[in-house]
Amino acid sequence: MLPPFMSLTILKADPHRRVRAGIILFLIAAAIWTAWGHHHYFLASDPKVNFEQVLVLRQGYWGTGLRAVAERWSDADSPPVRLRIEGGFPGYLRLLLFFGERAPFMANVLVVPALLALLGLYIAKLERPPERRFLAALLAPCLLVSISTTAMMLWQLVLPFRDTLSHLLGFGALVLLPTRRTDPWRARGRLLLAGVVCGLSAWTRLSGILFAVPMGLHLLLLPGLGTWRGRARMMAWTAAGGLIGLLPLLLQNVLEGRGLMTPPQAASLFLQERTVRATTLRAGWHPLNFSYTWGRMVREVAGYFPRGFHLLVLAGLAGRLLVERRPRRMLPLLGGLLIFALFYACYHRTVTRYYFIIALFYVAVSAVALAWLADRLWRRLPGGPRLWSMVLGLLLAGYAVQAGLRSGTNPRRVSREWKDAQQFKSWLRQTIHPPYHILTSSESYLLWVRYFAATPPEPWLNSPLRTGPLQLPRSPLPEGVNLYLLSLRDEDGSEQDMWSRDALLNRYDLDESGPSAIPVRAVPAFGCQRIRPREQARREIAVEGRADNTAFVYLYLRDLTSTNRTEAMALSVPGGLEMVPADLQAGPNLIRLPTPPHPGANTMILNAATPTPSVVSAAWIHPGDKIHIPFSEYGNLASRALMSEGRRLRWRGYKYWGRDRAGRDDLFWSYPFFVWTNGTAIRLPRIVDSPPPAVVIRLYYTALLGSREDVNRLLGLGYDCGTTRLTPLLVHVNRRYDGPGAYDAFDFFHEIEIPAGTEASSLVLNMREDIPTLLCHGMTFFTEPVTPAIGLPAPPRMVSYQWNRNRARRWYYDLFEFPPWEGRVFRDYACRLAALVGPEDVVAADGWIRMITSAYGGKVSPARELLAGGRAGVDALLSRGCAVYVLDLDVPLSSISDAAREFRAHYDLEPVDILGPATRADAVSPAATARQVVLYRVKPP
């Protein structure tokens with residue numbers, strides 16, 4: 001026999017029980033779904049903030065704050081504790097700690113089903129016809145669970161985010177509001193409580209205060225609530241409750257010395273004038289962002305649902321508002337949808353979790369509209385709308401349960417994660433003994449330690465490296481404590497783990513024989529190393545490459561105590577080379593060895609009077625080899641920071657870079673780069689040779705252009721090398737992009753030649769204050785003989801290269817295999833050309849050869865223009881004694897360029913000289929065997 005709440009007889013007699021039955025069914029499904037299918041024990045990157053506040057509250061936040069206020073912040077021994085976020089959700093997590101250490105990790109497992117239930121309840125309160133009430137109330141949560149995109153958003157909200165609790169309290173306040181006149185005292189109590197709950201929603205997340213808009217529309221416009229005077233009294237009672245609910249937030253702000261309604265994150269999120277795009281987008285939340293971001297917000301929310309879904313919703317909404325002519329019950333939902341959409345449309349970035357509240361109100365509106373549409377369609381069917389609405393509702397609930405169960409339900413997963421967490425806790429308490437310091441680049445890892453350890457770590461370098469300086473403090477290691485690095489050992493460019501190890505190796509050594517790996521199956525590479533001072537003054541290092549026919553070795557050293565000086569060391573190759581003294585610097589060093597090493601040499605001895613770096617990059621270098629130092633490798637990020645002074649670091653990319661042909665909302669998540677400003681000092685490679693040879697440096701940049709005038713500003717960039725001002729060649733390597741509301745990423749590199757004999761150790765960037773943001777991705781340097789300029793004009797300021805639109809690879813990929821531009825070789829072409837061609841002579845060329853040669857001062861005309869008037873024009877030049885030349889590639893006749901083909905049809909071409917090798921592999925066909933740039937003289941047939 002069915003239980004009473006599922007009896008069809010009772011359901012037919014009591015529509016309210018039908019609604020309750022559907023909601024109970026859905027709650028059971030949703031609770032199982034969230035608890036077993038979508039639970040994540042391991043902390044993600046964002047919820048860490050909430051758990052950090054639990055620890056702050058545990059340390060006596062209120063007592064410390066009140067004492068600090070009483071003493072007017074004068075007690076230096078008891079500084080005030082600050083919460084980084086509103087305290088509602090941390091307080092909720094703090095209460096959950098009474099149920100055990102695991103309880104806060106499950107904080108939202110039941111909150112999500114309760115939120116869905118409250119959404120359905122509020123829809124049931126607004127809809128009056130019972131045949132539509134059940135269907136609309138059940139349709140909204142079922143849509144959220146069954147549509148894959150919104151279901152994924154629910155997955156996110158199961159994590160310990162504060163958004164979920166804030167939404168729960170907001171819809172709880174709406175459900176508490178009356179829908180008809182009741183006993184005055186009972187109504188006042190419910191109104192007061194609704195206001196309190198709304199205030200607590202704002203304490204949990206400040207945007208929860210916006211629930212006051214649909215609450216006000218509910219009390220003002222819903223029919224059956226009495227006169228205008230009575231409605232005003234209702235709103236007054238609700239406002240009084242709201243003030244009571246806001247008291248914890250007001251107290252928090254007073255304790256921390258802020259304005260009463262100023263959120264803790266106001267300094268970084270609200271009303272900033274700092275722009276993230278030239279003269280347009282403000283950082284964080286700002287009303288001036290609306291004109292740039294509202295379209296993106298609409299596209300984002302609309303994309304959560306199938307396209308045809310919106311047409312059905314519009315049809316049902318139009319009928320509900322126009323045909324039925326009872327629009328007032330829809331206005332609270334529409335008002336909530338509009339106010340949250342307007343608010344979050346002013347954020348400069350897209351956050352799916354923020355937009356979920358908009359999706360909730362949109363689903364509520366959709367459920368009412370679709371229920372009205374369904375009621376109209378089956379009004380004439382046998383059994384009536386009540387039966388069919390119940391049947392459809394139960395089918396939807398069943399489909400939602402099935403969708404949830406298929407989406408990842410795995411009871412063993414939760415059990416396994418709990419067991420892993422217990423193993424981590426046991427390992428932590430057995431391996432790391434107090435007093436100790438933990439250094440990590442991940443706030444989540446540090447939070448794990450603080451949460452599970454028997455005693456918290458000492459405050460040495462507990463703050464994560466990512467938010468702190470790149471270089472560790474110069475003070476000695478603390479004595480009497482155990483020092484550890486907690487990190488992942490993966491070499492996949494992980495943003496949060498790789499470079500903490502690199503930063504430590506700049507200053508200290510890591511004991512790989514330290515604590516064993518942490519036994520966490522979900523993160524198999526989770527490890528811990530002991531930090532210790534450098535002690536070894538003699539190290540054997542591996543050298544990459546072939547040692548035959550070379551006299552140079554390249555060394556990249558980590559921090560040598562001071563980033564601004566060199567230290568005396570000695571080098572030797574085992575079994576062949578005596579000790580060679582050399583003054584080496586932190587960063588790149590190129591050392592000429594007095595005698596070549598034996599061909600099989602693959603190691604080198606580094607010896608010094610002081611402890612040497614534990615990690616040294618070394619390679620044999622042959623003549624003409626280029627050495628590239630990328631700045632976007634996380635494993636070497638802190639070491640690359642030694643290459644410059646006066647720079648900032650950015651961890652994430654920019655949206656809307658048209659040259660990448662990516663989506664408008666794509667963001668480069670995992671590639672760091674340095675932001676260089678005026679006065680940034682770039683360390684030059686130290687070349688241990690006498691006399692120092694000329695060095696060519698290439699610096700790879702991206703500039704964010706706000707207008708075309710910014711290109712002219714870029715041309716004004718220069719470098720100070722000692723007392724010499726150097727003007728770089730700017731090689732532009734991507735197409736311009738002027739899409740509406742988009743960044744114009746101007747990718748280029750600077751080529752600078754440091755003259756032979758220069759003793760300067762660094763380049764100083766000299767730029768105007770109004771220059772666009774300059775992002776540096778890497779450096780390449782090489783030494784080669786320099787061809788003396790023979791009557792050559794000054795090199796150009798900029799050479800442009802057309803970006804290949806069919807190539808989707810991004811700029812940072814191209815750095816490591818950058819093919820086309822060999823500036824010195826092209827300049828040599830122009831030098832040789834200037835020596836061979838007289839001032840009255842004419843040179844014809846096409847394509848990249850013409851562009852490069854003309855850019856470096858050669859007089860070149862397009863072959864088609866020269867022959868545009870037929871042979872008469874060329875014959876006239878020849879008759880006046882002018883020499884006519886063709887500059888082309890010496891390749892098989894089948895693959896000659898248009899320039900040579902045009903002239904070979906009417907004249908003979910006599911080779912004059914080979915100007916140099918062609919370095920661009922894709923400039924000729926794959927069948928070509930020769931790649932020489934040849935100067936031909938045009939001879940009459």
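This is a predicted model: local features need pLDDT of at least 70, side-chain atom pairs count only at pLDDT 80 or more; totals for chains, interfaces and linings use all residues.
Setting aside neighbours within four places in sequence, Ala 537 touches Leu 606, Asn 607, Ala 608, Thr 610, Pro 611 and Thr 612. You'll find Ala 537 in the loop that runs between β4 (526–532) and β5 (538–542). Its C-alpha atom is 8.6 Å from that of Pro 613, although the two residues are 76 apart along the chain. Is Ala 537 buried, exposed or partly exposed? Its relative accessibility is 23%, so Ala 537 counts as partly exposed, given that buried means under 20%.

The average pLDDT of the protein is 75, and 70% of the residues reach at least 70.

Now for the overall picture. The protein has 941 residues, and 54% of them count as buried. Its secondary structure comes to 29 helices and 28 strands. Taking contacts between residues at least 6 apart in sequence, 76% join residues at least 24 apart.

A packed pair is described by the angle between the two axes and the distance between them. Take helix α10 (residues 184–204) and helix α11 (residues 212–221): their axes come within 11 Å and cross at roughly 160°. That angle is over 145°, the cut-off for this class, so α10 is roughly antiparallel to α11. The crossing of α10 and α11 is right-handed. On the α10 side the contact is made by Leu 191, Ala 194, Gly 195 and Cys 198, and on the α11 side by Ala 212, Met 215 and Leu 219. Sorted by class, the residues of this contact are six nonpolar, one polar and no charged.

The second pair is helix α16 (residues 331–344) with helix α17 (residues 352–377), whose axes come within 9 Å and cross at roughly 155°. Again the angle makes the pair, α16 and α17, roughly antiparallel. The handedness of the α16 and α17 crossing is left-handed. Among the α16 residues making the contact are Leu 333, Leu 337, Phe 340 and Tyr 344, while α17 contributes residues including Tyr 354, Ile 358, Phe 361 and Val 365. What classes do the residues of the α16 and α17 contact divide into? They come out as 16 nonpolar, one polar and no charged.

Leu 593 sits in the loop between β9 (587–592) and β10 (603–608). With a relative accessibility of 3%, Leu 593 counts as buried.

Asn 549 belongs to the loop between β5 and β6 (552–557). Asn 549 is exposed, because its relative accessible area is 72%. Its backbone deserves a glance too: phi of Asn 549 is near 55°, a positive value in a residue other than glycine. Most residues other than glycine have a negative phi.

Definitions and conventions:
Residues are numbered from 1 along each chain as its sequence is written. Side-chain values use heavy atoms; hydrogens and water are left out. pLDDT is the predictor's confidence in each residue, from 0 to 100. Axes are lines fitted to C-alpha atoms, for helices over the stretch in contact, and angles run from 0 to 180 degrees between N-to-C directions. Helices (H or I, at least four residues) and strands (E, at least two) are DSSP runs, numbered from the N terminus. Angles under 35 degrees count as roughly parallel, over 145 as roughly antiparallel, 65 to 115 as roughly perpendicular and the rest as oblique. A crossing is left-handed if the near helix is turned anticlockwise from the far one by less than a right angle, and right-handed if clockwise. Contact means heavy atoms within 4.5 Å. Ala, Val, Leu, Ile, Met, Phe, Trp, Tyr, Cys and Pro count as nonpolar, Asp, Glu, Lys and Arg as charged, and the others, Gly among them, as polar. Buried means under 20% relative accessible area, exposed over 50%, partly exposed in between (1.4 Å probe, protein chains only).
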